[in-house]
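Biologist: Before we use any labels for this protein, could we go through what each one rests on?

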Amino acid sequence: MCGIAGYIGKRKLSDAAVAACHALMGRRGPDAVGVYHHAAGPERHVDLLHSRLSIIDLDQRANQPMQRGPHVVATNGEIYNFVELRRELESRSVTFTTQSDTEVLLAAIAQWGMAGALDRCEGMWAIAAFDEKSGFLTLARDRFGEKPLYMLSADDGMYFGSEVKFIAALAGRPLRPNTAQLQRLIVNGYRALYKSSETFFDDVRELPAGAMLQLGSDFSAAPARYWNPDIARNDALGFDDAVEQAREAVIDAVRIRLRADVPLAFCMSGGIDSNSLISIAANMFEYDVHGFTVVNQDSRYIEQDMVNAAVDAQNLRHTEVPLETKDFLPRLRTLIRQHDAPVFTISAYCHWLLMEAVHDAGYKIAISGTGADELFSGYYDHHLAYLAAMHGTPDYDNARANWETHILPHVLNPLLRNPDMFVDNSDERRHLYMNAEAFSQSLTSPWSEPFTEDSWDSDVLRNRMLNELFVETIPPPLHEEDLNAMYFSIENRSPFLDRNLFDTCYAVPTRHLVQDGKAKAVLREAMRGIVPDAILDNRRKVGFNAPLFGFLDRNDPDVRAQVLDDGAIYDIVRRETVESLLDAPDLDNHEGLFLFAVINARMFLEEFPADAGTQAMTSAAQ
């Protein structure tokens with residue numbers, strides 16, 4: 001895990017701009033910095049900047065940018081299967097001078113070209129690769145978008161970086177906040193943020209996940225996909241075979257993600273996802289697991305009994321991380337500077353506190369269970385989509401009875417209390433943008449954007465899960481987990497985001513996903529004998545969340561002033577709406593998300609004003 005930045009264009013970057021960018025890259029890579037410059041002519045320059053967090057091959061020989069023949073790379077991330085790739089390349093008489101995954105990537109590019117190399121790689125990455133022979137710079141991002149790569153196309157060329165602030169430092173110009181993206185967050189919530197190509201700054205875009213961009217004399221070329229997910233289901237696959245295939249794929253995904261020359265920590269909850277990873281590491285690979293758990297006192301989110309069951313059953317090292325509410329607003333402001341964006345949910349703030357504890361314990365890697373819900377099913381509306389898939393089959397009545405017994409009592413969203421919601425209307429999506437119309441009317445100039453989704457699959461459940469994975473529920477936390485971890489110079493790894501595991505899961509027939517009213521049925525049984533039964537048999541779904549008013553002391557006059565005093569946010573949002581929410585006895589989940597978004601948008605506009613963008617961004621996160 002590292003930081004990358006760079007430029008291809010008509011001018012030579014000044015030493016001052018490079019130094020300013022490197023100064024901002026220290027959190028992503030405190031162990032070494034490097035720069036590569038190539039001039040192919042008076043108006044053709046390439047610059048690659050790198051800051052290193054040493055994870056594999058800690059020697060300085062593995063520093064970047066790294067060159068092998070005409071190929072130069074600066075990368076952020078890890079190639080987890082570099083051991084297997086190295087063996088294959090060595091069988092072709094390729095030799096190596098380091099033990100790093102970066103050199104393996106360079107050799108793979110030389111052997112198979114960029115697209116061919118990436119097809120063979122399993123991992124997470126943002127890559128800038130320059131070929132001195134052809135003169136082309138190629139940018140690429142991993143399949144699921146774990147590692148960020150932002151881009152700014154300008155008249156003089158293309159700037160890019162792991163964080164927006166890096167681009168601002170290299171470009172030396174103001175970056176204007178994007179009001180439309182702020183409105184999108186406030187009205188429709190975090191699910192909407194990756195439905196467009198916009199970011200929180202005008203003209204700044206992210207390279208799409210699973211895409212690469214080749215830049216030559218044309219500095220504004222369009223990205224092209226190098227990976228398209230295979231979603232062909234095997235309807236003849238039996239449940240037991242699906243379980244066995246999933247078991248093998250999850251174990252292998254964990255196996256290669258335990259590769260590191262520094263120790264790893266695990267983010268731990270009481271749920272199946274994190275405990276599957278922890279139990280595989282502890283029981284299958286005899287890894288000395290150290291789990292870190294946020295301790296929540298809100299009854300809606302407490303799962304301490306399940307955490308204790310896992311710790312006791314497997315004799316794990318374990319650290320509880322209490323939710324620290326002191327100095328909430330100043331610390332939130334610090335996090336907004338780090339993110340170059342509003343923080344999307346209170347969960348992200350809690351995750352930041354978790355990363356602080358992991359860092360304080362001396363770890364440089366944290367493993368999390370992100371992605372399991374989207375691979376195996378896990379949300380309340382998934383149950384309804386499953387019922388729609390079962391409608392008209394002999395299994396429907398039993399599936400509905402299980403839902404009424406085990407799921408309905410826990411569902412709060414009124415739309416999701418109708419078991420035939422997707423039977424009645426397969427296009428029903430109002431539950432995903434709850435209260436959006438009211439929130440729109442709370443703006444000074446009403447703004448709305450209808451819900452849209454990509455068409456991946458005719459099956460409602462699988463199409464929902466794919467949209468969640470690639471657009472709605474996974475890109476936002478990946479963005480925030482990366483930046484939270486990098487604030488403390490930690491690499492975050494997500495074993496469920498694995499190509500082979502994805503292919504395995506999406507070959508499973510929909511009818512296997514829910515059994516006896518339990519979502520994640522395939523994962524539960526795949527982990528039988530590895531994860532404690534108490535966790536596998538627990539039906540309760542607990543999200544990683546916390547109540548806003550548990551952090552925000554709305555009775556403190558100073559806090560109220562920070563939220564309600566004049567500011568640019570009230571050019572966008574009606575102040576009286578915010579005040580009424582502060583005075584409400586309690587907030588439902590959607591009202592809490594709205595108020596949290598407004599508070600974050602306010603701080604974002606204060607930290608990154610339109611008339612002082614460069615100054616604000618180049619001083620951010622220091």
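Biologist: Why is serine 440 called buried?

Modeller: Serine 440 has a relative accessible area of 5%, and buried means under 20% relative accessible area, exposed over 50% and partly exposed in between, with a 1.4 Å probe and protein chains only, so serine 440 counts as buried. This is a predicted model, in which local features need pLDDT of at least 70 and side-chain atom pairs count only at pLDDT 80 or more, while totals for chains, interfaces and linings use all residues. Residues are numbered from 1 along each chain as its sequence is written, and side-chain values use heavy atoms, with hydrogens and water left out.

Biologist: Where does serine 440 lie, and with which residues is it in contact, leaving aside its neighbours within four places in sequence?

Modeller: Serine 440 lies in helix α15, residues 436-441, where a helix is a DSSP run of H or I with at least four residues, a strand is a run of E with at least two, and both are numbered from the N terminus. Leaving aside those neighbours, serine 440 is in contact (heavy atoms within 4.5 Å) with Val187, Pro446, Trp447 and Ser448.

Biologist: What makes glutamate 163 and arginine 28 a salt bridge?

Modeller: A salt bridge is a side-chain nitrogen of Lys or Arg within 4 Å of a carboxyl oxygen of Asp or Glu, and the closest N and O atoms of glutamate 163 and arginine 28 are 2.9 Å apart, so the pair qualifies. The pair links distant parts of the chain, 135 residues apart, with glutamate 163 in the loop between β9 (157-161) and α4 (164-171) and arginine 28 in the loop between α1 (15-24) and β2 (32-41).

Biologist: How do you know whether glutamate 163 is buried or exposed?

Modeller: Glutamate 163 has 3% relative accessibility and therefore counts as buried, and arginine 28, with a relative accessible area of 1%, is buried as well.

Biologist: What makes glutamate 472 and arginine 464 a salt bridge, and why are they called buried?

Modeller: Their closest N and O atoms are 2.6 Å apart, so glutamate 472 and arginine 464 form a salt bridge. Glutamate 472 counts as buried because its relative accessibility is 0%, and arginine 464 because its value is 1%. Salt bridges that share partners join Arg191, Lys195, Arg429, Glu453, Arg464, Glu468 and Glu472 into one network.

Biologist: Why is aspartate 240 called exposed?

Modeller: Aspartate 240, in helix α6 (residues 239-257), has a relative accessible area of 61%, and is therefore exposed.
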